[in-house]
Amino acid sequence: MTRLVQITDTHIQPPGERLYDLVDTAAHLRATVAEINRIRPAPDLVVVTGDLVERADAESYAHFLELIAPLEMPVYVLPGNHDEPEMMASLLAGTPHFPVTDDTFQYSVEINGFRMLALNSHAGGSELPELDGDHLAWLQRELPRSDAPTVLAIHHPPMQTGIEFIDMGGSDWYQGLKDVLSGEHNVRLVICGHCHTDLVGRVAGIPVYMSGAIAHQLVAARDMDIAPAFEPNPVPPVLHRLVDGEFVSGSYPWSSNVDTQRIDRTSGIPWNELKKQMMGSKAP
Ligand SMILES: [Fe+2]
């Protein structure tokens, strides 16, 4: 069974600081970590698709590491526009979370029948994305190295979103990625964050799943060039699961009362009986 949990845009700050003096992003991440640990069966891995911290400094990354420490499965991270890949590589060097080996700051992980390729779309000095020749050459080298169904994880959505302030990067920056993905490969899914809102799209015909943020959401700016509205709430973790050779994806809340609220228990009707009722005339 292949199960990958994605969270994104945690925007952690040094202990005691609130984001914009408003949001306790550490509390959001702490609650999310507890929620992921409740999920059964346990996911194979958790990936945080960038913007781990609000301000790239040692104190913020240390706080981030402290908050994800209780996760009971392997955790991987990749850089967003708020991160500094070089700083991450140095501060996370003693951890298994960011296993980079060169200055593209990209890496590959294979676990339990699937592979994740983590890309680095961070551009120095801008929130806008960048994926230059070295990064694409790395991807092109990695793709044929495994037959496993592959997830490509990247911070910025490699597609037009209809969100004006996100699309300011134009389409040139992901044209190279689109060209690579137009060839032969086993990439089944692209996952990303960055926009602090959820969206599903495609690049070179491959599904792109963009998750909302753990820190806060930015809403109501689709198809209009207006500033987005700020919502100080996290979204649930996203579960990507390999089913019949393809990934199925969706937000996957797992509240602490899942066991008491199961419909067989609240109705007092055994689950097999409930399933028979669902099948109706198609029951064997
Ligand atoms: Fe973000």
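A: Let's start with L274, which counts as buried because its relative accessibility is 11% (buried is under 20% relative accessible area, exposed over 50% and partly exposed in between, with a 1.4 Å probe and protein chains only). Keep in mind that this is a predicted model, where local features need pLDDT of at least 70, side-chain atom pairs count only at pLDDT 80 or more, and totals for chains, interfaces and linings use all residues. Residues are numbered from 1 along each chain as its sequence is written, and side-chain values use heavy atoms, with hydrogens and water left out.

You'll find L274 in helix 8, residues 271-279 (helices are DSSP runs of H or I with at least four residues, strands are E runs of at least two, and both are numbered from the N terminus). Setting aside neighbours within four places in sequence, L274 is in contact with I263, D264, S267 and I269 (contact means heavy atoms within 4.5 Å). As for F230, 44 residues from L274 in sequence, the C-alpha to C-alpha distance between the two is 42 Å.

Now for S211, which sits in the loop between strand 9 (206-210) and strand 10 (217-219). With a relative accessibility of 3%, S211 is buried too. Not counting residues up to four places away in sequence, S211 touches Q6, T8, C192, G193, T197, D198, V235 and V238.

Last stop: the iron ion. D9 (OD), H11 (NE2), D51 (OD) and H196 (NE2) are its protein donors, 2.1 to 2.3 Å from it. Of these, D9 and H11 are both buried. Along the sequence, the donor residues follow the spacing D-x1-H-x39-D-x144-H. (Donors are N, O and S atoms within 2.8 Å of the metal, or 3.2 Å for Na, K and Ca; water is not among the atoms, so sites may look incomplete.)
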